[in-house]
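Reader: I am new to this structure. Please show it to me, and then let me ask about it.

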Amino acid sequence: MNDPQQPITVVVVDDHAIFRSGLRADLDSRITVLAEAAGVAEAIAAIHEHRPQVVLLDVHLPGGSGGGGAEVIAGCTALLAGTRFLALSVSDAAEDVVTVIRAGARGYVTKTISGPEISDAVLRVASGDAVFSPRLAGFVLDAFGTAAVASVDSELDRLSARELEVMRLIARGYSYKEVAKELFISIKTVETHVSAVLRKLQLSSRHELTRWAAERRLL
Amino acid sequence: MRPALLRSNDAMIAGVCAGLAAHLGITVNVARIAMVGLAFAGGAGIFLYGWLWVLVPTQEEQLRRAPTPVGPRLTFPTSQGAAGGATSSFVGSSTSPMVSPTADPSAGSRGSTQSLIGKREVLLGTALLLVAAVAIAQQLGANLPLDTLLPVGVVVTGAVLAWTQLDETRRAGLMNRAGASQAGGLARLVAGLLLVTVGVLIMVSGSISWELTWSTLIATGAVLAGVFLVLAPWGLKFWRDLETERSGRARETERAEIAAHLHDSVLQTLALIQNRAGSEQDVVRLARAQERELRNWLYADATQQSGNLAERIRALAAEIEDSYGTPIDVVVVGDAELSARQEILAQAAREAVLNAAKHAGGNISVYLEAGPTGSTIFVRDRGSGFDPETIPEDRMGIRVSLYSRMDRHGGEVSIRSNSEGTEVKLVMPEKEADGAQ
């Protein structure tokens, strides 16, 4: 999908200038940063202006009506077909993560991620795949249950046995490559499984998810 | 030193006698008997009591007024923003031993009203007894001036009603305004006002004609309305200023609390980081430990019980991270009670993590999947790996702590190791199939 000659275009949204410049330095030559933004309104304007392929989005942002990263995604729904959001956060608390994922982000990484890893994550998101951190995989397992249940009505509300395996390995700290090697499948297949899980996480009406969100007043 | 004259929480009516007793160094009963005795001396005791009631502050009020030092590690106020939150946290954070019932505002008022069994009933009974005594005396021919006694009684009842309301508002109601007690309080206030007004009217109408009473009443009403009209804006402004000041103080308390916490933790760590800027490992370790501590403070999940397996694993990972400076990521799915069997698992996991931290370095991933039927822990490192078959006999760690310990309690250990890292898998079922142990 990506032309290897053509670098991925990115807009960095974070309220800390130090972090933005650090991130800019960390991203390798396959990625060009078009613009930076520090607040919700500024971010929505910059994304509409530059139409980047990927937005690196901090979960906690000042401005707007206080919704942070999720509010930025909500303000850019028209662009979701061409622009993908990768959520970044200092906090790996599930409440932060799941809000932006349910809002439409394609992945989530913590800010302690290393330079090469963040570049890989950006490329992966740009090509339409999902990026899961171990913590997020752990949350998915927690919310969907670790046993493969067949009796749930909706396909959306449960994980297949294979998806369960992939999530478990990611939660154990395996990279996509290691997961592929472990399960004797291609990296592409791993990515497909993760994307499927992401879709379920976003769309599922599974009551653990909704109850969990309601408890934290996310809905 | 003689204790200050404060109304006590150990109250029959308003805590005046108990406070007086503490102040004068006599027993409460002596003070109460003296007060009742004085009451018969032309009502002096009643006036003294009322006077002290109005003018002497309660213990809580006194404490609230005093500047409260902010301790280094205060708990976060549970109710924020509302003025009540400030007062309660203010009182709650004081270290005086006298304020035992104030931690929970509702408990405070409950404690003071229910500390003596049926205090209300006793008071009501006394009042009814008095009425009965008066009625009997009347029957026996004693010529009591009922015309004056009745209105005075009504006025006093009304005043007491209103005063107790005011008093309880001051004592605890301020802290918990949204409660249903507000409606009851208002009713009491209105009833008190009504009783006083009626009492005064009866008194006055005894000496002058009804016609004159009505016109006076109208004139009085008009004057009162005029005064109210003039003073209302002042009153409103005063009230608003009070509210602003109160919420300002609430914010200030909160700020002071957060500042104290940040000073104790974050600023200290930042200073340490500047000192150790040369050692990357130290800096990372300090930063991780501080992050963990701060996160715990900010997002601590009150619903999560301690003493569970997940908590235990997190704690031991944190401890090893602190002493070895290797980042350890813990992912937990589910949770289980920390039974004796799971404690064995936790100890084995500790050994596995410790091994990884000692020999592999780099990031360590710990994954715990726990449920009622058993728990599984994966400990993964990215070291150069080792061959579990060739562990020397003297490597006590793995032999004793992992294999034999887990074996003895029905658990399983499997180790996979290659050049990209090592993964230790520990399985501990909750119920043993063959019933050994």
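The questions and answers below cover a sheet and a helix pair.

Author: This is a predicted model, where local features need pLDDT of at least 70, side-chain atom pairs count only at pLDDT 80 or more, and totals for chains, interfaces and linings use all residues. Residues are numbered from 1 along each chain as its sequence is written, chains are lettered from A and ligands numbered from 1 in the order in which they are written, and side-chain values use heavy atoms, with hydrogens and water left out.

Reader: In what order do the five strands of the open sheet in chain A stand?

Author: Strands are DSSP runs of E, at least two residues long, and helices are runs of H or I, at least four, numbered from the N terminus. Two strands pair if DSSP finds at least two bridges between them. Here the pairing is parallel, and the order in chain A is E2-E1-E3-E4-E5.

Reader: Which strands of chain A stand at the edges of the sheet?

Author: An edge strand has a single partner strand, so one side is left without a neighbour in the sheet. In chain A that applies to E2 (31–37) and E5 (107–110).

Reader: Which residue of E4(A) is the bridge partner of Leu57(A)?

Author: E3(A) and E4(A) pair in the parallel sense over five bridges. Leu57(A) also partners Val13(A), and E1(A) is joined to E3(A) by four bridges. In E4(A), the partner of Leu57(A) is Ala87(A).

Reader: How many residues of E3(A) are buried?

Author: Buried means under 20% relative accessible area, exposed over 50%, and partly exposed in between, with a 1.4 Å probe and protein chains only. On one side of E3(A), Val54(A), Leu56(A) and Asp58(A) are buried, and on the other Val55(A) and Leu57(A) are too. The count for E3(A) is five of five.

Reader: Is H12(B) roughly parallel or roughly antiparallel to H13(B)?

Author: Axes are lines fitted to C-alpha atoms, for helices over the stretch in contact, and angles run from 0 to 180 degrees between N-to-C directions. Under 35 degrees counts as roughly parallel, over 145 as roughly antiparallel, 65 to 115 as roughly perpendicular and the rest as oblique. H12 (309–324) and H13 (340–360) of chain B pack at about 25°, with their axes 10 Å apart. That makes H12(B) and H13(B) roughly parallel.
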